[in-house]
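Reader: I have a chain to look over before setting up calculations. Could you walk me through its build?

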Amino acid sequence: MREERRASYHGQPMSVRILSDFDGVWTDQALEARNVKLFLVAEAARLARVAADEAAAHFAAFEAEVMAEPHLHGWAPDGRITAYIDEDPFCEANALARHLETARSPIARRYVDAIGASFPSLSEFGDYCFLTSTAQFRAQHPPALVPRAAQMFASLVEAGAEVVVVSNSSSEKIEGWFRETGVGNGLSHALRVRGSAGKFVLGATDEHLVLAGRRVCVDRPKYRAILAEERPDFVIGDVFSLDLALPHVMRRAGEIAPQLALRRHPHTPRWVLDSRADGAIDLVVEQLDGLVEPVRALARSRR
């Protein structure tokens with residue numbers, strides 16, 4: 001039944017389907033994430049009428065507080081942590097904004113009151129800073145894909161893969177970056193993009209798994225629907241909570257059967273790496289082309 005679904009793809013032999021995240025797999029986000037954080041500090045300083053150097057010192061102290069207890073902080077759009085602060089530098093700005101509510105110091109209260117006069121919530125302020133600063137960054141910088149992105153994609157296709165990029169980022173952004181950097185040139189039959197995927201959106205239940213003492217939410221209905229539809233052979237991502245936890249749960253339940261690959265970064269936390277998420281992660285790779293040989297082996301087994 002699974003084989004029938006893959007009978008052909010634009011007249012080509014059955015391919016190996018990779019479901020890939022975008023930010024952090026096709027990009028290295030450190031510089032852009034730092035820009036988000038600097039923008040948040042500058043906006044908080046402006047609203048609270050605090051000098052820039054003072055605000056920088058205040059937020060350095062706030063950041064030290066949250067990074068001392070990373071298991072308590074992260075991206076929490078609805079109050080529940082959807083990804084932890086030490087998993088992804090893009091989570092840092094939202095986590096800092098949320099932390100202000102519980103910091104209790106007079107300095108933190110000054111920022112909270114000033115932000116509250118202009119935004120309905122600190123979470124919405126964090127979202128505003130993220131969206132505005134990333135839009136500015138991308139307008140000022142060329143598409144910042146990892147080196148050799150186009151060549152790595154071509155190598156995956158040559159090995160027998162088709163790639164479906166599933167990301168919280170917009171399709172327009174991803175497709176534009178691919179066009180500008182030549183990813184998919186002449187190989188568009190093997191590349192699709194599903195942006196605005198809502199991997200971070202949590203459902204109504206408390207379904208979760210526990211890893212290194214942390215609760216990782218796995219009721220992610222939008223992402224689940226995509227996984228069930230695509231039925232990938234490989235899933236690659238850089239954030240366990242967002243990208244790999246749900247595919248692991250679905251695989252354990254027999255709903256899908258992908259191999260799970262983590263793209264490692266210098267910031268990838270030990271609580272994920274040391275046990276490969278209690279054995280959930282099959283492959284740890286430095287770049288996308290770490291999947292070339294596994295893809296080739298699977299493609300050969302299907303001939």
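This is a predicted model: local features need pLDDT of at least 70, side-chain atom pairs count only at pLDDT 80 or more; totals for chains, interfaces and linings use all residues.

Author: The accessible surface of the chain comes to about 13600 Å². Carbon and sulfur atoms hold 53% of that surface.

Reader: What share of the 303 residues counts as buried?

Author: The cut-off is a relative accessible area under 20%. By that test, the buried share of the 303 residues is 53%.

Reader: How many helices and strands are there, and what is the radius of gyration?

Author: The chain has 13 helices and ten strands. The globule rule gives 19 Å for 303 residues, and the chain comes close to that, so it is as compact as a globular protein of that length. Its radius of gyration is 20 Å.

Reader: What part of the contacts links residues 24 or more positions apart?

Author: Take the contacts in the chain with a separation of 6 or more. Residues 24 or more positions apart make up 71%.

Reader: How far apart are the mean positions of the positive and negative charges?

Author: The chain carries 36 positive and 41 negative charges.

Reader: Which elements do the buried residues of helix 13 pack against?

Author: Helix 13 spans residues 292-301, and its buried residues are Val292, Val295, Arg296 and Ala299. They cover an arc of only 100° around the axis, so they sit on the same side of helix 13. Their packing partners are strand 1 (16-20), helix 7 (149-159), strand 4 (161-166) and strand 8 (234-237).

How values were computed. Residues are numbered from 1 along each chain as its sequence is written. Side-chain values use heavy atoms; hydrogens and water are left out. Helices (H or I, at least four residues) and strands (E, at least two) are DSSP runs, numbered from the N terminus. The radius of gyration is taken over C-alpha atoms; the globule rule is 2.2 Å times the number of residues to the power 0.38. Buried means under 20% relative accessible area, exposed over 50%, partly exposed in between (1.4 Å probe, protein chains only). Contact means heavy atoms within 4.5 Å. Accessible areas come from the Shrake-Rupley method with a 1.4 Å probe; for residues, only the protein chains shown count as cover. Lys and Arg count as positive and Asp and Glu as negative; His and the chain ends are not counted. The place of a charge is taken as NZ of Lys, CZ of Arg, CG of Asp or CD of Glu. The arc is that of the directions from the helix axis to the C-beta atoms.
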